[in-house]
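User: Please take me through the side-chain contacts of this model. I shall ask about one contact at a time.

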Amino acid sequence: MILSKLRLENFKKYTSYEIDFELGLIGIIGKNGSGKSTIFEAILFALYGELKNRGTKDVIRNANASIKEAVVVELDFEFEGIEYKVMREFRGKSLTANAKLYKNEALTTTGAKEVTTAIVNLTKMSRDAFMHTLFASQKELTSLSTLKNEDRKKMIRKLLGLEKIDFIENSLVEKSRELKREINAFDEVLLSAEDVKIKQEQIHTNQSAKETFAKDVELKSKELEAIKLHEQKLKKELEIFAKTKEQKQKLFSELELLQNTKSLELLSEAKLIAENHELEHKQQKLTKLEKVKTEYLSLQQQLKSQEKLKEFHLKKEGLTKEQTQLREQYTKSKTDIQALELACGNYDALVFGAKNLELSLAMLQEQINTKHTIENELKAEMAGEQKQIDLTKAKIKKLQELGSKSACPTCTRPLLEEYDNVINSLLKAVNNTHQTKINEYQKQLQNVLTQKAAFETQKKPKDKEFLELSNTLKVIQSKLGDLKSAQEYFKQVEQKGLKNKAELKELEQYSYDAKQHENIQNSFTLLEVQYKQVMSLETELKRAPLIKTELANVIKKIEELTVAEKAKEAEFHLVIYEDVKHKHIKDEHEGTRGTIDSKTTLLNEIKVKIASIEGEIKTIQNALLNNELQKKKVQNKKDDLLDYEKIKTSLAEFKTKLNAKVAPRISDIASTMYSQITKGKYQHIEVSNDFDFFIYDEGKKYPIERFSGGEIDLANLVLRIAISKTLTELSGASSIGFLAFDEVFGSQDEARRMEILEAFHTIKEQYRQIFLISHEMEIKEMFERVVEL
């Protein structure tokens, strides 16, 4: 695999970034936090859809990107001569994942999981295998020689993926122990052969007892059936007696109801007769008071007319009073309008005068501003000339201090005999040129100041006049508003007066007499008591027809009830019921029921015993069946335990063979590179099966700790590369053509950094691309190609 191009959008710290990867030894250089490691984290993410340190996917989005903006990672790479492109994209608040894989620009796979599977199948490496094979950090290199034996062994086994075998082996050991504990626990609860025989004998004994009880149940059931038949006969006789008694009681209740209803109707008849006589008396009384009603209604109508006239009279008085007030308001409003019109009469002339005065003031201010500008320009010119005088005087003073041997201020040559001429020339320039200009500017400035003061003197009284005129206009504008309000109010008063005048003219046709109104009211009050009595009598007499109808209905109903009473009494005497015989049969039935209950209880007790025996038989049978099932489970667990032991043996043999193959292979690869880097000084690096490291010096084997720091750094480097190559061979991925090292220089000095770089230059022919990530800016000149971040 060769990396070609990487493009990032909103990925971690990169908003938009694109990088082309070339061949050879490439330095990825940048300060801490510049995003160097993020480049290779993005490569891992593009291929496998996961970050180096697994965590929430929220961390991949750039902090400045909005939720609507997508996170995009695209990687172009070459594998076995074929061009591939993998693209991963996350969108939305929940960062929904999508991925695509292209082969020679043709889309072959879509979907996040599907693309990851395709990459694994293509490279023959999982994410962890890819990371351990192609990426190495300074910590990994130093750990190869500095860790304790057991820790070093764990680290290398993890890099090679062998810790998974250790995990499986440990799991098998734990499973075997668990199975042995379960088998021992089952042995304690399983039945022995003697226990099984005892339980089978118990089943036989219980079967015999069950058959005896079953025969007794059959006999007692026949006796109980005969008693139940007799009980059913008695029950039917009791039902007949109960129906007859019920019918007799029902007829008696109906007869009693008819008699009570008839009594109530007779009482109603008496009450209605009395009420009818009372209404006839009230009718006679109403006839005598008939004239009172007619007179009362007439007075009521007259009283309503008087109330209406009084209302018109009061309205007329109110309108007359309002008209008097409106006349006063009309006169006052008219006077106010005339006064305001007089006060506002010269408003237009004042506005015209104010505009002219404002124009005159603007012209004066413009002239003052012009003079002020000229004044500033003259002062600036004078300051410039004065500065030239000061500079020239400074030159003269310096020349005088240095004497005739000083250098010319213009051409820098010694003055000598020209010394006095130069001094005089500079003094002349000061007095005749610059001072003359200053004097001229002062005259012009005095003239400008005089003109400016004259304009300001003219402007001051005009400003005062304009202020007074503005205040006068504001007062008049306020009065104009008052005039408009007064005119509107005058119009309202005038319209209201005309309206009231029309209403008064219409009310002139009505005349009201208060004395006549009072007399009618008194007469009405005197008749009101008698009228209320008449209305009460009329209301009561409305019931007279209803009372007569009710009385007729009651008389008719009494006759019907008398006939029904006689018929019901005859029907009651026809029903025959013997109470003594009914009681005798009832007692006999209750005795029979008691016998049935006692015999049923006895029969149920026997059945309970039978059920109990059946339960015991079933319990024993279940125990025997469960014992057989548990024996089968124990046998299955014993079979599983045997299988686990076989797998453990196979894994142990596999580990032995793998260790025997891995350690020598790492030694071979590391020895070849170390000999090449050291130019033949050291021929061999040995890696033991426990992953201890030794270097051969002049044919003798020494621990790696014996050698210098630089030699150990180089040994760690070739060992790490050898582990990567071995891991590549184990995974079957033969087309990986690049390596990446993160901060391998650590804190080494200049000499050791140079040794490591020379080592990389020596071994670069074995890899088409080698990436070195570093924050050391001074080493960037040592690379064939540099990507600076």
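This is a predicted model: local features need pLDDT of at least 70, side-chain atom pairs count only at pLDDT 80 or more; totals for chains, interfaces and linings use all residues.

User: Which side chain does Arg785 meet in a salt bridge?

Analyst: Its partner is Glu22, at 2.5 Å from N to O. Arg785 belongs to strand β14 (residues 785-788) and Glu22 to the loop between β2 and β3, so this pair links distant parts of the chain, 763 residues apart. A salt bridge here is a side-chain nitrogen of Lys or Arg within 4 Å of a carboxyl oxygen of Asp or Glu. Helices (H or I, at least four residues) and strands (E, at least two) are DSSP runs, numbered from the N terminus. Glu22 has 45% relative accessibility and counts as partly exposed.

User: How many salt bridges does a search of the whole structure find?

Analyst: The search finds 31 salt bridges.

User: Understood. What does Arg543 pair with?

Analyst: Arg543 forms a salt bridge with Glu275, and the closest N and O atoms are 2.1 Å apart. This pair also links distant parts of the chain: Arg543 is in the loop between α11 (514-541) and α12, Glu275 is in helix α7, and the two are 268 residues apart. Arg543 is partly exposed, at a relative accessible area of 36%.

User: And which residue meets Lys282?

Analyst: Lys282 meets Glu540 in a salt bridge, 2.3 Å from N to O. Because Lys282 lies in helix α7 and Glu540 in helix α11, the pair ties together parts that are 258 residues apart in sequence. Lys282 is buried at a relative accessible area of 18%, whereas Glu540, at 29% relative accessibility, is partly exposed.

User: At what angle do α7 and α11 cross?

Analyst: Their axes cross at roughly 145° and come within 10 Å. Axes are lines fitted to C-alpha atoms, for helices over the stretch in contact, and angles run from 0 to 180 degrees between N-to-C directions.

User: Is the crossing of α7 and α11 left-handed or right-handed?

Analyst: The crossing of α7 and α11 is left-handed. On the α7 side the contact is made by Leu279, Lys282, Gln283, Lys285 and Leu286, and on the α11 side by Gln533, Val534, Leu537, Glu538, Glu540 and Leu541. Left-handed means that the near helix is turned anticlockwise from the far one by less than a right angle, and right-handed that it is turned clockwise. Contact means heavy atoms within 4.5 Å.

User: Now the aromatics. How many aromatic pairs are there?

Analyst: The count comes to 13 aromatic pairs. One of them joins Phe21 and Phe771, edge-to-face, at 5.4 Å centre to centre and 80° between the planes. Phe21 is in the loop between β2 (14-20) and β3 (24-29) and Phe771 in strand β13 (residues 769-774), so the pair ties together parts 750 residues apart in sequence. Both Phe21 and Phe771 are buried.

User: What about the rings of Phe252 and Phe572?

Analyst: Their centres are 6.0 Å apart and their planes are at 45°, so the pair is tilted. Phe252 lies in helix α7 (residues 193-288) and Phe572 in helix α12 (residues 544-574), so parts 320 residues apart in sequence are tied together. For the rule itself, rings of Phe, Tyr and Trp (its six-membered ring) pair if their centres lie within 6.5 Å; planes under 30 degrees apart count as stacked, over 60 as edge-to-face and the rest as tilted. Phe252 is partly exposed at 45% relative accessibility, and Phe572 is buried at 16%.

User: Which charged end sits over the ring of Phe572?

Analyst: That of Lys248, 4.3 Å from the ring centre. The criterion is NZ of Lys or CZ of Arg within 6 Å of the ring centre and within 35 degrees of the ring normal.

Conventions
Residues are numbered from 1 along each chain as its sequence is written. Side-chain values use heavy atoms; hydrogens and water are left out. Buried means under 20% relative accessible area, exposed over 50%, partly exposed in between (1.4 Å probe, protein chains only).
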